[in-house]
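The following briefing is meant to be read beside the sequence and the coordinates.

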Amino acid sequence: MRAHIDPAPDLPQSAIRTRFHRFISPPWFYRFAARWSGRLGWSALLLFAAGACGGLVLAPPDYQMGDSYRILYVHAPAAWMSMFVYAVMAAAAASGLIWHLKLGEAVARACAPLGAAFTLCALVTGSLWGRPTWGAYWVWDARLTSELVLLFLFVGCMALSEALDDRRSASRAAAVLAVAGVVNLPIIHFSVEWWNTLHQGASVARFGRPSVDTRMLIPLLIMFAAFNLYFLAALLNRVSCELLDRERRTQWVAEVARG
Amino acid sequence: MAEFFAMGGYAFYVWGSYATVTAVLVHQYAAPLIRRRKLLRELAGEARS
């Protein structure tokens, strides 16, 4: 299992290189994923519980929006994750395109449905927040529209990676779309500044001007941590599946399957 | 308690958001685990035959 990738023996930085090459080799990564996904998943669950308790019970109601602002605790982390996952997907896809890394292709493919899920959460919760606050479930606002485009990009990547019979060509096609779509990330981020939008600007990540009550802020930070850990755990689950499937003819998969 | 569930009149929006997020995230976490179990069973069968 160990000797899957032979390190180049005489290179100077070979110790670090070897470690890295091992880490990204499918059998090693599979074992790493199996060991860590459960722990990360449980930690995420604990943080979700703490964040929800803080956000729904302990935090005071907002002076303008009343209790409806509590949607923030799932909306903002989901929206942040939708963009973060896209960046991870594009980076993984690029590594697959440039260096033909199998792990890169597997990670990119695993990111697409997760990113779509976060984007969907951000859109649905945003819409449920928009109705009482703006009076409409949906408006063609720059922020909302660019986030919808992000959903289409994720779905497009999922569809392309299924579209061709040859899995590696399909991965490459999806990777090109993923990398090209990166242009949408700054558009989403700056949409609230570039256009006159209904969506509010950042209120947490503003330096030197703490504008949020601590009892409101702490649950939000916990929720951000929970979403990130959840993403890692769910990603490891998906990547391990993907690796088993892609490498089904290899020795290490046979060994894993035998148990 | 009833006051907590009423969410100041925003119950549908607040609980709707939390329910959607919970459902989507649980599904995203569980689906690959189920698929992996199935895949491993299938591969173990292939290895034996």
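Leaving aside its neighbours within four places in sequence, Gln28(B) is in contact with Pro113(A), Leu114(A), Ala117(A), Tyr230(A) and Arg238(A), where contact means heavy atoms within 4.5 Å. Gln28(B) has its place in helix H2 of chain B, and at 8% relative accessibility it counts as buried; buried means under 20% relative accessible area, exposed over 50% and partly exposed in between, with a 1.4 Å probe and protein chains only. This is a predicted model, in which local features need pLDDT of at least 70 and side-chain atom pairs count only at pLDDT 80 or more, while totals for chains, interfaces and linings use all residues; side-chain values use heavy atoms, with hydrogens and water left out. Residues are numbered from 1 along each chain as its sequence is written, and chains are lettered from A and ligands numbered from 1 in the order in which they are written.

**Chain B as a whole**

- Chain B has two helices and zero strands, helices (H or I, at least four residues) and strands (E, at least two) being DSSP runs numbered from the N terminus.
- The C-alpha trace of chain B spans about 60 × 15 × 10 Å along its principal axes, and 31% of the 49 residues of chain B count as buried.

**Helix pairs in chain A**

- Helix H5 (residues 142-163) of chain A and helix H7 (residues 184-194) of chain A have axes that come within 8 Å and cross at roughly 160°; axes are lines fitted to C-alpha atoms, for helices over the stretch in contact, and angles run from 0 to 180 degrees between N-to-C directions.
- H5(A) and H7(A) are therefore roughly antiparallel to each other, a label for angles over 145 degrees, whereas those under 35 count as roughly parallel, 65 to 115 as roughly perpendicular and the rest as oblique.
- H5(A) passes H7(A) in a left-handed crossing, meaning that the near helix is turned anticlockwise from the far one by less than a right angle, clockwise being right-handed.
- The residues of the contact of H5(A) with H7(A) divide into eight nonpolar, four polar and two charged; Ala, Val, Leu, Ile, Met, Phe, Trp, Tyr, Cys and Pro count as nonpolar, Asp, Glu, Lys and Arg as charged, and the others, Gly among them, as polar.
- H3(A) and H4(A) pack at an angle of about 155° with their axes 7 Å apart, and they are therefore roughly antiparallel to each other.
- The crossing of H3(A) and H4(A) is left-handed, and the residues of their contact divide into 18 nonpolar, nine polar and one charged.

**Positive phi in two loops**

- Most residues other than glycine have a negative phi.
- His100(A), in the loop between helix H3 (72-99) and helix H4 (102-134) of chain A, has a phi near 55°, a positive value in a residue other than glycine, and with a relative accessible area of 46% His100(A) is partly exposed.
- Met7(B), in the loop between helix H1 (2-6) and helix H2 (11-48) of chain B, has a positive phi near 50°, and at 2% relative accessibility Met7(B) counts as buried.
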